[in-house]
Amino acid sequence: MSAFVDETLLSPDLVLRDELDLPDALFETIRMNLSAIAATPTDRIAVRQEWISRAVPEYTGHPAPRITEWACAHGDFDAANLTTGPTIRDWEGWGHRSPGMRRRRPS
């Protein structure tokens with residue numbers, strides 16, 4: 001499913017390069033939306049232990065942790081996937097993952 005969203009992105013890149021003057025209401029809405037995502041029941045798996053076991057040592061040089069807690073999350077939640085609306089974009093990577101773990105590979 002897709003929808004046209006005519007709202008300005010927070011950033012053309014995943015990293016903010018300029019300070020933004022954003023209203024407190026935007027952050028309240030984002031917190032509410034992320035809480036709803038985390039509570040969404042799904043069988044979709046966004047990150048598997050096998051990927052963590054391979055990728056963490058590859059990218060960090062440290063052993064991978066054994067993940068014991070999983071939550072539903074947006075896969076690429078960054079400034080390039082968030083509008084001033086706020087609308088969260090780019091949903092192909094959502095599903096269960098370890099809280100705090102992002103799947104984005106280094107560029």
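User: In which segment is S11 found?
Analyst: This is a predicted model, in which local features need pLDDT of at least 70, side-chain atom pairs count only at pLDDT 80 or more, and totals for chains, interfaces and linings use all residues. Residues are numbered from 1 along each chain as its sequence is written, and side-chain values use heavy atoms, with hydrogens and water left out. Helices (H or I, at least four residues) and strands (E, at least two) are DSSP runs, numbered from the N terminus. On that basis S11 lies in the segment before α1 (24-38).

User: Is S11 buried or exposed?
Analyst: Buried means under 20% relative accessible area, exposed over 50%, and partly exposed in between (1.4 Å probe, protein chains only). S11 has a relative accessible area of 5%, so S11 is buried.

User: Which residues is S11 in contact with, leaving aside its neighbours within four places in sequence?
Analyst: Contact means heavy atoms within 4.5 Å. Inside the excluded range, a polar atom of the S11 side chain lies 2.8 Å from the backbone oxygen of D13. Beyond the neighbours within four places, the contacts of S11 are L16, A79 and A80.

User: What distance separates the C-alpha atoms of N81 and S11?
Analyst: N81 is placed in the loop between β1 (71-73) and β2 (95-97). N81 counts as buried because its relative accessibility is 7%. N81 and S11 are 70 residues apart along the chain, and their C-alpha atoms are separated by 8.2 Å.

User: Which residue forms a salt bridge with D13?
Analyst: A salt bridge is a side-chain nitrogen of Lys or Arg within 4 Å of a carboxyl oxygen of Asp or Glu. D13 is partly exposed, with a relative accessible area of 34%. The closest N and O atoms of the pair are 3.3 Å apart, and the partner of D13 is R17.

User: Why are E58 and R54 separated by about one helical turn?
Analyst: Side chains of opposite charge can pair when their charged atoms come close. The side chains of E58 and R54 meet in a salt bridge at 3.5 Å, N to O, and a search of the whole structure finds 2 salt bridges. E58 and R54 are separated by about one helical turn because they lie 4 residues apart in helix α2 (residues 49-60).

User: What is omega for the cis peptide bond that joins G85 and P86?
Analyst: P86 is located in the loop between β1 and β2. The cis peptide bond joins G85 and P86, with omega about -5°.

How values were computed
A polar contact is a pair of N or O atoms within 3.5 Å; within protein, one must be able to donate a hydrogen and the other to accept it, and residues adjacent in sequence count only if both atoms are side-chain atoms.
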